[in-house]
Amino acid sequence: MEPVSPPRNCPFDYAEALEFDPLLRQLQTEGPVARIRLPHGDGEAWLVTGYDDVRTVTTDRRFSRSAIIGRNFPRMTPEPIVQDEAINVMDPPGSSRLRSLISKGFAPRHMERMRARTQHVVDDLLDRMEEYGSPADLFEHLAAPLPLTTICEVLDIPEGERAQLRTHARTMMDTGIDNRDAAVRAKADLRAYFATLTAQRRQNPGEDLISALATARDGDELLNDQELTVMAMVLLITGQDTTTYQIGNIAYTLLTRPRELAMLRDHPEMLPQAIEELLRFIPFRKGVGIPRVATEDVELSGVKIRAGEIVHVSYLTANRDGRKFDRPDELDLERSGPSHMTFGWGGHHCLGAPLAAAELQIALGTLLKRFPDLELAKPADEVRWNKTSIWRYPLALPVTW
């Protein structure tokens with residue numbers, strides 16, 4: 001067995017633009033499996049950093065998500081973001097049934113409507129930015145409103161209720177210890193809102209995604225009321241903030257790399273492949289997400305993980321694993337090879353990935369076409385970055401054209 005270093009305290013609070021967290025890099029370099037302590041929750045956990053080991057943990061039935069329910073597991077936020085009934089903490093076959101039902105909501109006919117709606121929203125937002133005039137804040141005009149507007153359109157949430165829902169979601173993502181009570185309240189308020197909304201859609205289904213989920217059948221199976229409520233919550237939270245931040249992150253990355261920006265302007269057909277590489281390259285979050293529990297003793301890269309121990313994976317380090325990716329710390333828009341893990345892996349791969357990818361392609365493709373001379377309005381080192389959330393993103397992205 002490999003000797004394991006003593007547990008490392010890991011605040012994972014690094015927030016210097018989009019540079020890779022040096023602590024994560026150190027853990028990755030020292031060994032594929034490490035012992036860590038996180039800012040919140042009880043006890044220690046294992047951190048798995050290598051691509052192949054992450055793939056094992058996320059696909060092997062000996063690692064259970066549902067076994068974390070009821071445990072004060074080590075985590076990044078004072079209040080767990082995840083809910084006990086959420087698909088995020090289910091194991092197969094329960095999660096397989098739910099994923100099958102939910103994937104019907106992202107069927108091609110629904111996706112076609114979502115793409116058309118996203119294009120309409122992007123055109124409208126960029127019209128307003130053009131009217132506003134140069135310079136303008138790209139984060140405020142495009143990155144912030146687009147995913148929220150799109151997911152709320154897709155879920156058919158009235159316009160007057162969207163801002164409050166976004167506030168609740170952001171409160172839940174804050175890592176500050178003094179935020180705990182507010183996070184508990186925000187979570188309860190969101191849940192109550194979606195319990196009412198999903199019950200209404202059950203009674204009177206429309207053309208929206210919640211209605212599609214409420215009526216989706218797999219044989220005789222339907223989502224039950226709690227599953228539907230929590231799924232709608234998960235869609236709102238994951239369907240807006242992460243895509244907002246990635247639009248900001250990708251725009252910043254391209255606007256600070258003239259060669260790559262010129263390549264995409266000259267060859268717009270490269271955009272889908274380029275976005276995959278940008279998603280691999282950008283360290284989009286801090287630290288780790290939802291862990292798993294080993295249900296029996298398992299050996300990973302010569303390290304023995306005992307039954308009952310908590311195991312976190314790092315998709316960020318997996319995306320920079322030099323054994324999988326040639327020149328892993330370089331951005332190469334022409335790269336082909338293994339898939340990135342930014343949308344997760346295995347049974348918990350993000351179900352909304354097709355919608356997120358569509359939004360990124362439409363937003364960035366339309367932006368580059370409509371503003372061919374777009375550039376940052378201030379030096380890159382003057383762009384301000386979020387320091388309190390689990391997500392990494394620019395607070396504002398002033399651009400000129």
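**Overall fold and local detail**

A: The secondary structure of the protein comprises 14 helices and 11 strands. Helices (H or I, at least four residues) and strands (E, at least two) are DSSP runs, numbered from the N terminus. This is a predicted model in which local features need pLDDT of at least 70 and side-chain atom pairs count only at pLDDT 80 or more, while totals for chains, interfaces and linings use all residues. Residues are numbered from 1 along each chain as its sequence is written, and side-chain values use heavy atoms, with hydrogens and water left out.

Q: What share of the contacts join residues at least 24 apart?

A: Among contacts between residues at least 6 apart in sequence, the share is 74%. Contact means heavy atoms within 4.5 Å.

Q: Turning to helices, how do α6 and α10 pack?

A: Helix α6 and helix α10 (residues 225–255) pack at an angle of about 155°, with their axes 8 Å apart. Axes are lines fitted to C-alpha atoms, for helices over the stretch in contact, and angles run from 0 to 180 degrees between N-to-C directions. The two helices are therefore roughly antiparallel to each other; angles over 145 degrees count as such, under 35 as roughly parallel, 65 to 115 as roughly perpendicular and the rest as oblique. The crossing of α6 and α10 is right-handed, meaning that the near helix is turned clockwise from the far one by less than a right angle, with anticlockwise giving left-handed.

Q: Which residues make that contact?

A: L146, P147, L148, I151, C152 and L155 of α6 meet A232, L235, L236, G239, Q240, T243, T244 and I247 of α10. By class, the contact of α6 with α10 has 10 nonpolar, four polar and no charged residues. Here Ala, Val, Leu, Ile, Met, Phe, Trp, Tyr, Cys and Pro count as nonpolar, Asp, Glu, Lys and Arg as charged, and the others, Gly among them, as polar.

Q: What about α4 against α6?

A: The axes of α4 (residues 108–132) and α6 (residues 145–155) come within 10 Å and cross at roughly 140°, so these helices are oblique to each other. Their contact brings M114, R117, T118, V121, V122 and L125 in α4 to P145, L146, T149, T150, E153 and V154 in α6. The class count is seven nonpolar, three polar and two charged residues.

Q: And how do α12 and α14 cross?

A: Helix α12 (residues 271–281) and helix α14 (residues 353–370) have axes that come within 10 Å and cross at roughly 110°. That makes α12 roughly perpendicular to α14. The contact is made by L271, P272, I275 and L279 of α12 with L360, Q361, L364 and G365 of α14.

Q: Then which residues other than glycine have a positive phi?

A: A17 has phi near 45°, and S301 has a positive phi of about 45°. A17 is in the loop between β1 (8–9) and α1. S301 sits in the loop between β7 (298–300) and β8 (303–305) and is partly exposed, with a relative accessible area of 36%.

Q: What does P32 touch?

A: Leaving aside neighbours within four places in sequence, P32 is in contact with L47, V48, T49, G50, D53 and S301. P32 is partly exposed at 25% relative accessible area.

Q: Is T49 buried or exposed?

A: T49 counts as buried, at 2% relative accessibility. T49 lies in the loop between β3 (45–48) and α2 (51–59).

Terms used. Buried means under 20% relative accessible area, exposed over 50%, partly exposed in between (1.4 Å probe, protein chains only).
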